[in-house]
Protein chains: 2
Amino acid sequence: MARPKWLSKREQRAWRAFILLERRLNGRVARDLQRESGLSGADYEVLVNLSEAPTGRLRAFELGRATQWEKSRLSHHITRMVDRGLVARESCESDNRGAFVVLTATGRRAIETAAPVHVEHVRRWFIDSLTPAQLDALVEISEAVVAKLDDDPESCPPS
Amino acid sequence: MARPKWLSKREQRAWRAFILLERRLNGRVARDLQRESGLSGADYEVLVNLSEAPTGRLRAFELGRATQWEKSRLSHHITRMVDRGLVARESCESDNRGAFVVLTATGRRAIETAAPVHVEHVRRWFIDSLTPAQLDALVEISEAVVAKLDDDPESCPPS
DNA sequence: ACAACCAGGTTGATGCATCAACTATTCCTA
DNA sequence: TAGGAATAGTTGATGCATCAACCTGGTTGT
């Protein structure tokens with residue numbers, strides 16, 4: 001079962017391509033979002049999840065599950081978003097440990113103006129660069145890698 | 001030229017797949033590297049670049065170009081690495097503004113033990129999950145996206 | 001020679017991400 | 001029904017990333 005110590009040319013090329021893709025694309029999209037909406041990718045994710053919830057409110061742990069963040073990250077981030085007036089914390093009647101995170105009017109306005117702009121950037125820098133076949137290929141690639149990661153429970157960030 | 005406001009099912013699927021892939025794969029590989037070698041991805045990148053330089057030393061701006069980091073990030077990071085003894089700063093004779101970053105013995109030991117372990121993880125979680133055809137497809141996808149990004153000078157992070 | 005400009009780097013402030021430790025409540029089971 | 005385990009969430013410390021401001025030394029034009 002001796003595995004080669006280094007990557008082949010082709011393997012190396014693929015790995016480097018992926019790293020580069022990720023860095024450049026995410027960097028660009030994140031910077032656009034920040035510049036035009038004043039939101040970070042993390043802000044955006046929180047707001048999207050809340051705005052999709054029927055009442056604009058979610059329990060912290062639900063939000064944590066949706067974003068796949070660890071609870072501490074979530075808590076810190078919510079604190080900063082509360083300071084900026086995008087969301088509010090609310091206590092939970094039925095479970096006194098619990099906390100709700102609630103979209104404020106400001107937060108809803110923010111996500112509603114940010115979303116179409118963001119989609120436009122995703123389209124411009126990602127979708128438009130690829131053929132439909134490539135989009136599908138990427139889905140398969142991603143699913144293959146993620147499936148194998150899922151086999152090992154240690155792959156999930158500690159919650 | 002009216003562009004659709006939202007992504008189609010297929011487009012959304014591809015975008016979400018990419019985001020997920022990036023997060024899960026990078027997270028896992030970074031955590032493995034950190035746990036087994038005590039190096040962050042950023043450390044690793046700096047050390048690889050230095051160790052590939054003939055004399056284990058590079059001017060700061062060369063390192064910045066190689067990593068695509070902005071100079072301030074590089075400076076901060078080098079400071080932390082100096083504190084840990086992985087690299088050292090050295091002044092430049094021929095240009096008094098300049099600074100060299102030099103691999104220390106500790107740094108070389110670190111990268112030499114980390115590299116094969118890291119490669120093993122890349123193979124395990126990335127290469128082994130994909131067919132050669134998929135590796136090639138990913139290269140093409142990446143090149144297509146990055147090429148379009150390169151067309152707009154604003155896509156490069158500010159130096 | 002001198003001013004203007006530019007390139008190479010550093011610094012401080014702030015926001016973000018992760019880890020470990022902690023509190024408080026609820027659940028479960030002997 | 002008491003006491004321990006599990007769940008929900010917060011906090012503080014540290015490292016990482018980015019922005020703006022700054023310093024210094026080299027370059028260029030007149």
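## Fold of chain A

In chain A, 55% of the contacts with a separation of 6 or more join residues 24 or more positions apart; two residues are in contact if their C-beta atoms, placed from the backbone, lie within 7 Å. This is a predicted model, where local features need pLDDT of at least 70 and side-chain atom pairs count only at pLDDT 80 or more, while totals for chains, interfaces and linings use all residues. Residues are numbered from 1 along each chain as its sequence is written, and chains are lettered from A and ligands numbered from 1 in the order in which they are written.

Chain A holds six helices and three strands, where helices (H or I, at least four residues) and strands (E, at least two) are DSSP runs numbered from the N terminus. Reading from that end, the order is α-α-β-α-α-β-β-α-α.

## Overall dimensions

Along the principal axes, the C-alpha atoms of chain A fill a box of roughly 55 × 40 × 25 Å.

Of the 159 residues of chain A, 25% count as buried. The cut-offs count other C-beta atoms within 10 Å of a residue's own, placed from the backbone: 20 or more for buried, 12 or fewer for exposed, and partly exposed in between.

## Where chains A and B meet

Here 45 residues of chain B are in contact with 45 residues of chain A. On the chain B side, H1, helix H5 (105–125) and helix H6 (132–151) each supply at least two residues, and H1(B) gives the largest share, 15 residues. By class, this side has 27 nonpolar, six polar and twelve charged residues. Ala, Val, Leu, Ile, Met, Phe, Trp, Tyr, Cys and Pro count as nonpolar, Asp, Glu, Lys and Arg as charged, and the others, Gly among them, as polar.

## A look at B:Gln34

B:Gln34 sits in helix H1 (residues 9–37) of chain B. It counts as partly exposed because it has 14 C-beta neighbours inside 10 Å. Setting aside neighbours within four places in sequence, B:Gln34 is in contact with B:Leu39 and B:Ser40.

## The surface near DNA strand D

DNA strand D is surrounded by 27 residues, the closest being A:Phe61, A:Ser72, A:Ser75, B:Ser72 and B:Arg73; a residue is near a strand if its C-beta atom, placed from the backbone, lies within 6 Å of it. H4(A) brings the largest share, six residues. This surface has six nonpolar, eleven polar and ten charged residues.
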